[in-house]
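Have the sequence and the 3D view open, try each task yourself, and then read on.

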There are 2 protein chains.
Amino acid sequence: MKKLLFILLPVFILSCQEPVGKIGATSDVGPDPEDIRMVEDIFQDCLAHGETYEMLRHLCLNIGPRLSGSAQAAQALDWTADMMTQMGFDSVYRQDVMVPNWKRGAAEKCNIAGEKEALAVLAIGGSVATPAGGITAEVVEVQSLDEVDDLGEKLKGKIVFYNRAFDQRNISTGGGYGGAVDQRVHGASRAAKYGAAAIVIRSVSSAFDDVPHTGTLSYAEEVPRIPAAALGVLSADKLSQKLKENAALQLFLSMSCQWQEDAPSHNVIGELKGSEYPDQVILVGGHMDSWDVGHGAHDDGSGCMQSIHVLQTFKRLGIQPRHTIRAVMFINEENGTAGGKKYAELAKANDKESHLVAIETDAGGFVPRGFGLSATPEQLEKWRSWLPLFNPNIISYINNGGGGVDIRPLNEETGTPVAGLITDTQRMFDLHHSANDTFDKVNRRELELGTASLTALIYLVDKYGM
Amino acid sequence: MKKLLFILLPVFILSCQEPVGKIGATSDVGPDPEDIRMVEDIFQDCLAHGETYEMLRHLCLNIGPRLSGSAQAAQALDWTADMMTQMGFDSVYRQDVMVPNWKRGAAEKCNIAGEKEALAVLAIGGSVATPAGGITAEVVEVQSLDEVDDLGEKLKGKIVFYNRAFDQRNISTGGGYGGAVDQRVHGASRAAKYGAAAIVIRSVSSAFDDVPHTGTLSYAEEVPRIPAAALGVLSADKLSQKLKENAALQLFLSMSCQWQEDAPSHNVIGELKGSEYPDQVILVGGHMDSWDVGHGAHDDGSGCMQSIHVLQTFKRLGIQPRHTIRAVMFINEENGTAGGKKYAELAKANDKESHLVAIETDAGGFVPRGFGLSATPEQLEKWRSWLPLFNPNIISYINNGGGGVDIRPLNEETGTPVAGLITDTQRMFDLHHSANDTFDKVNRRELELGTASLTALIYLVDKYGM
């Protein structure tokens, strides 16, 4: 039987992840046994019976990507509203808003002139098209916006190739992303200032593959709008290598993307009405729009399905909230924040209700790690006092500072404290804004643990206030 | 430019994962700046230049699964030894040991009699074969070993179908695994006691798919050895449903697996010699054998490649260890622990050296979460005092209790403290011992963070002792 010990030992090792001393507990008495039981119930129920994952499967596989203004975005919003109605939420309604309406058009083309092999390419979201026949021009490789300023007029008529890589050294992949994304956002206008014909960038990606990553850009007012595209990382490596061999090579780029008239759309909202404070709202939300490639599975189908399922978990467990719990599917996070601004505008104008806190889940459906909260030191301390209720493998800290793109306008307009679910993001920027952000990249348990973490937090906010 | 704030906000949210107050720091002075710098260097270097992932790619795609006694296991051990030699380790050598030698044989077959559709099935490791023409018998579904005792002689001539599911409610997936695996390990002999002809089990898996999971069983001495197979979870659901419709249905099962003579094999060891204490060893290791399906990517190709790369990171960063750092590729963890026992036997007989600590990495190449250590309270406290040096998103606790199957004999024979790397295991039991444990399921950054965590820990043990 000794052999059995060896067989079972890994199980015990994996099981004995005891909760170690926790941070921020403000009381020596320890947590309320009712809270211990309820948080445990929430986690067990989500892991065993949660439907976040199956809802996300439908969104990803039956509807797909959902760029603002697209038929799929409209379909997803309708489906979400229907689902919340069927779930028996106390009210389900919409907030109308006009959204920007950019279309990718035909598949982009990019290759080194004279070579048959195509480079992997996607237009950067919001880019203008190339002329109908495409652009063919010499290429200047740069590592930064500053280098563009240094080169100045030498860039006239050229395609500027921003090739600074995602810095893999950061443990936080957000740091790697933040350190490279200026090329995508500002690269076009910086190069246009000196007469460049177009830009291509190395995709802002932590993966070493050839799947290009899109995302939004910002054109400056004072310079011409030139086409901007993202190359797959391996295509960028190839182009860089070829330029070393032949600095005079020419690149061909063809894109037919276009801006259309703003389109009518809406945020979709579902609520459980508070029994004691119906006019005090705890908001949990994500964004229903996504980029137009992949499934928008992690970004942010996951967050939307989690938000709905927080309310559904309250119902399944028979928890009657004291405050109103509101799930918001914001529209247009990716390229304009029209939905977030509309929500804030309406909230500011509504003197019949107020928000305790708004919590966004837009960090991907990965295993949770903590929450970030932008609030007073006392509120932060209160949240930290709840940490002993959480398994430290799931929620181990409350950061000072948090929120999300969609709820930032609400914070700015009304002063509502804002928070965000923090997940483990090691895999995030392999997938983000690319054709690889698909349903199969989401793990059921990781996603449901996010729902459970949000539900447990909101249960505590509802019980103890902010 | 306000739009830009919205665009960049998620980056800042993801970046601002500040290290919060840490557990177990024993000094008010704070960590030594040299240690802060070195740990940071180790993590940055592994993330940017680590080769653990590319080595694992070779192991998985060019060699593949490596059951003890197989040609692939021998090939993997040779390749590993060659690689460590090429890396310029101070010594590379082998410890010969005979290993059990079980072969799966032809692909297993299982279907409900009269139905064409096959059920997804794998022989449980170590099972005997069915008779040449297979077994066809009625099926009795049970949920536990106890239920088998209750049914007793009613099971005579039947196929017993253990269908108790992995309990999804546990946050620790090790708990779910540990709660179901008795069916796989003891199910055959318990049923054989009452004259059952064979058993099939619901795979011990956290996934809802139809990929069967193998693993080892233990036959009791006093009862006949009967064939034992694992069904995919969906196949188990199907069989259970069909039994509800027709309790008298018959199941066909055919397996040709067999035990062959024990085979010669070895542990493979690589070392960096200590400059001050060459006879005091810090061991880091994993197991080179795997089950014979999939790639053995997480279990435990990842741990083996990490162990080698710990030494390689010392070399790349020019860290001269004071103690000898030893990477051990153990053989035969999955079905016998012959390698672990041989290592312990030789260590016990060798009075020229001693071990400071042995650390196993066999929890999959997932993002690290902490370490478990079985040692004295003082040693535990010392390790906890190093926690402030680690990013809390990666290493946030040191558990009391840890180790691994391969190093347990060393602990038992010599009293050496043993430890294990703890990873986030939400995805582990979707893949474990199945055809899905393949290279593409491993994330480069998560794997390299494991190497970095082990390297940093060993740097600290080497500097400060145990």
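**Exercise 1. Two helices of chain A**

Within what distance do the axes of helix α3 (residues 52-63) of chain A and α9(A) come, and at roughly what angle do they cross?

*Solution.* Before we start, note that this is a predicted model, where local features need pLDDT of at least 70, side-chain atom pairs count only at pLDDT 80 or more, and totals for chains, interfaces and linings use all residues. Residues are numbered from 1 along each chain as its sequence is written, while chains are lettered from A and ligands numbered from 1 in the order in which they are written.

Step 1: find the elements. Helices (H or I, at least four residues) and strands (E, at least two) are DSSP runs, numbered from the N terminus.

Step 2: take the axes. The axes of α3(A) and α9(A) come within 9 Å and cross at roughly 135 degrees. Axes are lines fitted to C-alpha atoms, for helices over the stretch in contact, and angles run from 0 to 180 degrees between N-to-C directions.

Step 3: α3(A) and α9(A) form a right-handed crossing. The term is right-handed if the near helix is turned clockwise from the far one by less than a right angle, and left-handed if anticlockwise.

Step 4: list the contact. From α3(A), Thr52(A), Met55(A), Leu56(A), Leu59(A) and Cys60(A) meet Ala297(A), Gly301(A), Ser302(A), Met305(A), Gln306(A) and His309(A) of α9(A). Contact here means C-beta atoms, placed from the backbone, within 7 Å. By class, the contact of α3(A) with α9(A) has six nonpolar, five polar and no charged residues. Ala, Val, Leu, Ile, Met, Phe, Trp, Tyr, Cys and Pro count as nonpolar, Asp, Glu, Lys and Arg as charged, and the others, Gly among them, as polar.

**Exercise 2. The helix pair in chain B**

Describe how α3 and α9 of chain B are arranged.

*Solution.* Step 1: the axes of α3(B) (residues 52-63) and α9(B) (residues 297-316) come within 9 Å and cross at roughly 135 degrees. That makes α3(B) oblique to α9(B).

Step 1: α3(B) passes α9(B) in a right-handed crossing. The contact of α3(B) with α9(B) holds six nonpolar, five polar and no charged residues.

**Exercise 3. A cis bond in each chain**

Which peptide bond of chain A is cis, with omega near 0 degrees?

*Solution.* Step 1: in chain A the bond runs from Asp299(A) to Asp300(A), and Asp300(A) is found in helix α9 (residues 297-316) of chain A.

Step 1: in chain B the peptide bond from Asp299(B) to Asp300(B) is cis, with omega near 0 degrees, and Asp300(B) is found in α9(B).

**Exercise 4. Domains of chain A**

How far apart are the C-alpha centres of domain 1 and domain 2 of chain A?

*Solution.* Step 1: domain 1 covers 21-100 + 262-464 and domain 2 covers 105-256; such bounds come from an automatic or database domain assignment.

Step 1: the two C-alpha centres lie 34 Å apart. The contact takes 14 residues from domain 1 of chain A and 17 residues from domain 2 of chain A.

Step 2: on the side of domain 1 of chain A that touches domain 2 of chain A, there are five nonpolar, seven polar and two charged residues.

**Exercise 5. A sheet of chain A**

In what order do the seven strands of the open sheet in chain A lie?

*Solution.* Step 1: the order is β2-β8-β4-β5-β6-β7-β3 (chain A), with mixed pairing. Two strands pair if DSSP finds at least two bridges between them.

Step 1: β2 (109-112) and β3 (121-123) of chain A stand at the edges, each with a single partner strand, so one side of each has no neighbour in the sheet. The twist averages 30 degrees from one strand to the next.

Step 2: β3(A) pairs with strand β7 (residues 228-231) of chain A in the antiparallel sense over three bridges, and Ala123(A) stands opposite Ala229(A) in β7(A).

Technical notes: Angles under 35 degrees count as roughly parallel, over 145 as roughly antiparallel, 65 to 115 as roughly perpendicular and the rest as oblique. Two residues are in contact if their C-beta atoms, placed from the backbone, lie within 7 Å.
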